[in-house]
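Work through the exercises below with the sequence and the 3D view open beside you. Try each task yourself before you read its solution.

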Amino acid sequence: MTLALADWRRRVNELYAAVRVAPDPQAAWRMWRAERDDLLAVHAQSPLSEDQKRTFTGLTVFDYDPSFRFTPDLDPVADAAAYGIDIGQDGSISLLPFARTRGLADALGGELTLYWIGGYGGGVFLPFADPHTATHGGGRYLLDGIKGADLGRTDAGSPILDFNFAYNPSCAYNGPEQSTAGWVCPLAPAENHLRHPVTVGEQSFHRPT
């Protein structure tokens, strides 16, 4: 399973590397969708159970909408304190708020805090939640340095936040039969709950019957 996890991370890193250099964001999104469907359907590190894999036909996602692709400015978060999150069998991680977006409020009904993942290597983490009835209530992820989810930056240094690439945390796929599967996922904090629906990215997972 250790080698399977290493392979999963390699494939996700390679996928996002290809997304970052793709000249057409929508074509990159189609590639991202296809690869994620394949990973969940067959990979040993898929959060789907073996029963779920047998009837899985692909994730449900909204259509691509270029108006949800942003390159906001970032303001530093002053005097922030890191806090720990229990992630089950993997122990705990610390998250340090380090930046707040500037330029999303008109479109999304709020700004978002970016977190630095504490520990060796670190990484940027951006969870968020929105009020759409078709999205996962616990929130979705856009950036995750541990998993290699990184959409890149502009030449001016602004982060590329393309919400078409928003995806569910692994625990969103767990049915009751997976209560011992060990998936524990950080939820979007209150400060990252947007007031407007984000009608792009992955929708709530509908478990096959």
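**Exercise 1.** Find which backbone nitrogen the side chain of Asp-130 reaches, and describe the surroundings of Asp-130.

*Solution.* Begin with the side chain of Asp-130, which reaches the backbone nitrogen of His-132 at 3.0 Å. This pair is a polar contact, that is, a pair of N or O atoms within 3.5 Å, where within protein one must be able to donate a hydrogen and the other to accept it, and where residues adjacent in sequence count only if both atoms are side-chain atoms. Next, look for a partner among the side chains: a polar contact of 3.2 Å joins Asp-130 to Thr-135. Then place the residue in the chain, where Asp-130 lies in the loop between strand 6 and strand 7; helices (H or I, at least four residues) and strands (E, at least two) are DSSP runs, numbered from the N terminus. Asp-130 is buried, with a relative accessible area of 11%, where buried means under 20%, exposed over 50% and partly exposed in between (1.4 Å probe, protein chains only). Finally, list contacts (heavy atoms within 4.5 Å): leaving aside neighbours within four places in sequence, those of Asp-130 include Arg-140, Leu-194 and His-196.

Before going on, note that this is a predicted model, in which local features need pLDDT of at least 70 and side-chain atom pairs count only at pLDDT 80 or more, while totals for chains, interfaces and linings use all residues. Residues are numbered from 1 along each chain as its sequence is written, and side-chain values use heavy atoms, with hydrogens and water left out.

**Exercise 2.** Determine how strand 6 is paired, and whether strand 6 is enclosed or open.

*Solution.* Strands count as paired if DSSP finds at least two bridges between them. On one side, strand 5 (residues 113–117) runs antiparallel to strand 6 and is joined to it by two bridges, with Trp-116 as the bridge partner of Val-124. Six residues lie between the strands of this hairpin, and Gly-119 takes a positive phi near 110° there. Strand 6 also pairs with strand 7 (residues 140–144), again in the antiparallel sense, over four bridges, and Pro-127 stands opposite Tyr-141 in strand 7. Four of the five residues of strand 6 (residues 124–128) are buried, so strand 6 is largely enclosed by the rest of the structure.

**Exercise 3.** Describe helix 2, from its start to its buried residues.

*Solution.* At the start of helix 2, a side-chain oxygen of Asp-24 comes to within 3.1 Å of the backbone nitrogen of Gln-26. Helix 2 (residues 25–42) has 18 residues and reaches 26 Å from its first C-alpha to its last, close to the 26 Å expected at 1.5 Å a residue, a span taken as 1.5 Å times one less than the number of residues. Among its buried residues are Trp-29, Trp-32 and Arg-36. An α-helix has 3.6 residues a turn, so residues three or four places apart point the same way. The buried residues of helix 2 pack against helix 1 (2–21) and helix 3 (50–55).

**Exercise 4.** Is Thr-57 buried or exposed, and where is its place in the chain?

*Solution.* First locate Thr-57, whose place is in the loop between helix 3 and strand 1 (69–70). Thr-57 is exposed, with a relative accessible area of 79%.
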